[in-house]
Amino acid sequence: MKVAILGTGYVGLSTGVALAEIGHDVCCIDVDGEKIKQLNQAVSPIYEPGLEELLIRNLASDRLKFTTSHRDGVSGAEIVILAVGTPQGEDGAADLTFLEQAAKDLAAHLEPNTIVVIKSTVPVGTNDEVKRIIEANCSEEVSVRIVSNPEFLRQGSAMKDTLEAERIIIGSDDQGAAEKVKEMYRPLHVPCIVTTLRSAEMIKYASNAFLATKISFINGIANLCEAVGADVNDVARGMGMDKRIGEAFLQAGIGYGGSCFPKDVKALYHAAKQSGKDLGLLAETMKINEEQRVLLVKKALNRFNGKLTGKKIAMLGLAFKPETDDMREAPSIEMAKLLHEHGAEVIAYDPVATKNAKKVIGDRVSYACSILEAVNGADAVLIVTEWDEIKQLDVAGLVEKMKHPIIFDGRNCLDEEKIRACQNIEYYPVGRPAIIL
Ligand SMILES: NC(=O)C1=CN([C@@H]2O[C@H](COP(=O)(O)OP(=O)(O)OC[C@H]3O[C@@H](n4cnc5c(N)ncnc54)[C@H](O)[C@@H]3O)[C@@H](O)[C@H]2O)C=CC1
Ligand SMILES: O=C(O)[C@H]1O[C@H](OP(=O)(O)OP(=O)(O)OC[C@H]2O[C@@H](n3ccc(=O)[nH]c3=O)[C@H](O)[C@@H]2O)[C@H](O)[C@@H](O)[C@@H]1O
């Protein structure tokens, strides 16, 4: 099948590579000429384990192409997928500017039987609106066929999540179009759920909001555990073994970040308000998350009697989660800002996100090339992202390098045995009893 994709971000690129991998002829289009140039040289613009290998293979087989030309890319395509960004607007609602422009770019070249698939995360009713935009801008012989096909991949495991998805949602009011999209995905052998356009749009927002709420719920419980002397790791394990609850997304810590949960929860909350419904539960999810992001700084302030001036603080990890260099809405941004405001000298280390971190955190912190360089002479270490390199730390070796052996673990990721093997340490996890030796 010939497929065109507008947008080569995480979603467009992973989808393009996956569809080429299962035998389709795919052309990815992006307005960013630099990205397209890089991609044509088989260089991935994003850090995503396993992606580059598949990129090289599918470029070499000629099943995957990249262009900046909407006309060339869309020409002859049976299916065109829109996977452009839908960032957060100023009022919290989704900003649909890129999607509306992409719809216009596409409409000018749309051929009569082509099916338009919207993969971007969009508020309920957007697919209908995009249909209207395309109808107003395409040639008369085209009757526009729209399918909503939200994406559920996670950054860091995008290829696996795409090739081994748990379900594929296909929303359409055009049965033939839904069947065609189902056929495109058939080689993946993944169960497809066919719904209306509006239900498909809602499934995506409801899923992200539910997962974000699960994280805020366990973070609320973690804070209570600290107050009453319980251990949130045991609580989460005990809860998660009940299949009705499930063990996933019960990892307490410094809250959710990334390009999706924060903006999607806000967008759903905003959309509900516009429909006269107050989803107060989501307001609480957001509130807990905001507080959680600065938890480690508050704990450090508490530990140092309200003063961080002149203290050397090492931040280990900057990306919003491991296996990605993405800094969008990373908790580290707010933490760095607050530490700087309190006069701390901050030195940060991340194995892959430093380049992107410099763009958003700037010179509020200095950047180390290794963990040991970051912690050298530090008064305290804040663990921000649970990279393997950080989880597997030689804790005794680390503590030896520090001025004061104080660790605040925002991801509860250090090995407790290694901590207990230290002679002199203060270890403060989230929602678990501190270890002071
Ligand atoms: N990042 C993620 O993990 C996931 C994202 N999503 C959703 O998928 C959508 C895309 O997200 P990302 O891939 O992260 O976006 P992104 O913002 O990283 O990339 C979007 C790309 O679209 C390109 N673009 C913009 N206008 C264009 C046009 N008119 N024609 C062609 N290309 C154009 C941009 O240059 C950019 O390269 C969003 O709605 C997001 O909420 C859904 C699931 C996972
Ligand atoms: O719509 C999207 O863009 C995507 O958003 C998330 O994927 P992603 O943002 O890549 O990352 P997650 O692995 O879900 O983590 C999100 C944040 O939650 C945090 N998290 C996750 C799980 C957990 O138990 N605790 C926790 O604090 C992570 O540290 C991270 O900051 C969803 O998991 C995907 O299904 C969805 O497609």
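In the unreviewed UniProt entry, "binding site" is listed for D30, K35, T86, T121, K263 and R328; UniProt positions follow the numbering used here, feature names are shortened, and annotations may be inferred rather than shown by experiment. These positions span 299 residues of sequence and are spread in space too, up to 24.3 Å between C-alpha atoms. The model is predicted, with local features needing pLDDT of at least 70 and side-chain atom pairs counting only at pLDDT 80 or more, while totals for chains, interfaces and linings use all residues. Residues are numbered from 1 along each chain as its sequence is written, and chains are lettered from A and ligands numbered from 1 in the order in which they are written.

Take D30, which sits in the loop between β2 (25-29) and α2 (33-40); helices (H or I, at least four residues) and strands (E, at least two) are DSSP runs numbered from the N terminus. D30 is buried because 23 other C-beta atoms lie within 10 Å (buried means 20 or more, exposed 12 or fewer, partly exposed in between, with C-beta atoms placed from the backbone). R328, in the loop between β9 (312-316) and α14 (331-341), counts as partly exposed, because it has 19 C-beta neighbours inside 10 Å. Beyond residues up to four places away in sequence, R328 touches G258, S259 and F320 (contact means C-beta atoms, placed from the backbone, within 7 Å).

G258 turns up again around ligand 2: of the 20 residues there, Q155, Q251, Y256, G258 and C260 come nearest (near means a C-beta atom, placed from the backbone, within 6 Å). Helix α9 (residues 197-228) gives the largest share of that shell, three residues.

Definitions and conventions
Two residues are in contact if their C-beta atoms, placed from the backbone, lie within 7 Å.
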